[in-house]
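Please take a moment with the sequence and the model before reading on. The paragraphs below lead from the overall layout to the details.

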Amino acid sequence: MEKQRPLEQYRRFAQEAIAPMAKPSDLAGRLDPAVVEALRANGFLGCITPTALGGLGMDPISYGQLTAEVGRACSSARTLMTVHHLVSAAILRWGGGEVKARLVPRLARGEEIAAFALSESEAGSDASALSTTIRREGDYIFLSGEKCWVSFGQIASVILVIGRAAEGITAVLVPCDTPGLHRHAVTSMVGVRAGMMAEITFDNCKLPATAIVGRAGFGLSHVATTALDHGRYSVAWGAVGIADAAVCASYAFAKTREQFGSVLKDKPLMRARLTRISVAARAARALCMEAGRLRNAGAPSAIVETMVAKYAASKAAVYAANEAVHIHGARGLMEEQQVERLLRDAKVTEIIEGSSDILELLLGEQDLGGDLDGSFFG
Ligand SMILES: Cc1cc2nc3c(=O)[nH]c(=O)nc-3n(C[C@H](O)[C@H](O)[C@H](O)COP(=O)(O)OP(=O)(O)OC[C@H]3O[C@@H](n4cnc5c(N)ncnc54)[C@H](O)[C@@H]3O)c2cc1C
């Protein structure tokens, strides 16, 4: 495993290599290629991949802290890290030896960019309603269907696609130069606006049967579950970054903006607002740290605590970003100021990788109250 890097190093990287590109990327609706290059050059597209396979082999907390710093600077860059790593995580867990040896090092070195295609127009939260089909003929499979909302689908070189085979829902790895694959840029998404989203159609794409990840029928129960678990952990930390950015921007503004003869920070009501968002951001970070600790220990409860962290952190991000807009007054709604970007991007974290409603349903099945005797923190 990579020696734990100091948080300060991640912050410097994100503030120097990513933050300056966040506004132009957002306004252009396209992540600046220099950001992708900076992530690639620092090995940050292979954070979770073991060193033996060309990655950095980061522990979960280091990876989370880096993700928070990237998310604090630019949610679109964080989204690239999320989708790229969630595909790597799924292949590392369920991919065959050949695909691991061939593709994982290329992903870790950023020679390939991965995207994840689960959602369809009629199958959003309800992934079991997928209509993309995977038909087997001897040693080949044929993929047909249409996927929407594919983050970085515009630039990905390989996509992990979840579709329906005779055996049940199945995951396949699809190179983007496969004949019959067509991408259409989605340009009207205002959250994570530089996320280079695409709709992807698969018109009877012919692939070797070895493109199946894991076994046919394991696509939702195993492969997508691993991908979404990783995605939730990554999004949770990204939301911590947004909350931090909202808190910092709010303090900076309140310290200098004068109304009624003194700076806003000196007004009791403003102090209460600032305190509430600061506490929300700290609580979100604490839950992410706890999820990271459990993931590092390989604890079975890590999956549930990752959901808890994502649920809480995304709400904290929306709350803090909404307050930041309010604290900035009219300036908070100016595109040039980019405080409103925090709110647009925060809202996305409540919708993706299992919306807050779906997490309430899933967490509602857990006996979360059973932990309230304090043993959870023991
Ligand atoms: C910026 C962005 C990036 C994305 N990137 C990707 C990507 O890379 N790959 C990918 O596959 N998908 C991606 N998505 C899609 C995302 O995963 C879906 O939007 C999400 O799963 C919700 O599906 P939906 O939008 O169809 O909403 P729906 O499922 O139609 O839900 C609509 C609303 O109803 C609520 N709801 C649904 N079911 C219930 C229920 N049983 N009880 C109560 N409330 C319910 C939902 O929480 C939501 O509020 C992305 C979306 C966004 C916004």
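The model is a predicted one, in which local features need pLDDT of at least 70 and side-chain atom pairs count only at pLDDT 80 or more, while totals for chains, interfaces and linings use all residues. Residues are numbered from 1 along each chain as its sequence is written.

The chain falls into domain 1 (7–112), domain 2 (115–218) and domain 3 (220–367), with bounds that come from an automatic or database domain assignment. Between the C-alpha centres of domain 1 and domain 2 there is a distance of 21 Å, and 19 residues of domain 1 are in contact with 17 residues of domain 2, where contact means that the C-beta atoms of two residues, placed from the backbone, lie within 7 Å. On the side of domain 1 that touches domain 2, two or more residues each come from α1 (7–28), α4 (75–94) and α5 (97–108); helices (H or I, at least four residues) and strands (E, at least two) are DSSP runs, numbered from the N terminus. The largest share of that side, 10 residues, belongs to α4.

Around the ligand there are 21 residues, of which Ser119, Gly124, Ser125, Ser355 and Asp357 come nearest; a residue is near a molecule or strand if its C-beta atom, placed from the backbone, lies within 6 Å of it. Domain 2 and domain 3 each supply at least three residues to this shell, and the elements that give two or more residues to the shell are β1 (114–117), β3 (140–150) and α10 (356–364). With 3 residues, α10 provides the largest share of the shell.

Strand β4 (residues 158–165) has 8 of its 8 residues buried, so the strand is largely enclosed by the rest of the structure. Here a residue is buried if 20 or more other C-beta atoms lie within 10 Å of its own, exposed if 12 or fewer, and partly exposed in between, with C-beta atoms placed from the backbone. Val158, Leu160, Ile162 and Arg164 point one way from β4, whereas Ile159, Val161, Gly163 and Ala165 point the other way.

Two strands pair if DSSP finds at least two bridges between them, and β4 pairs with β1 in the parallel sense over 4 bridges, with alanine 117 opposite valine 161 in β4. To strand β5 (residues 168–175), β4 is joined by 8 bridges in an antiparallel run, and threonine 170 in β5 is the bridge partner of glycine 163. These two strands, β4 and β5, form a hairpin with 2 residues between them.
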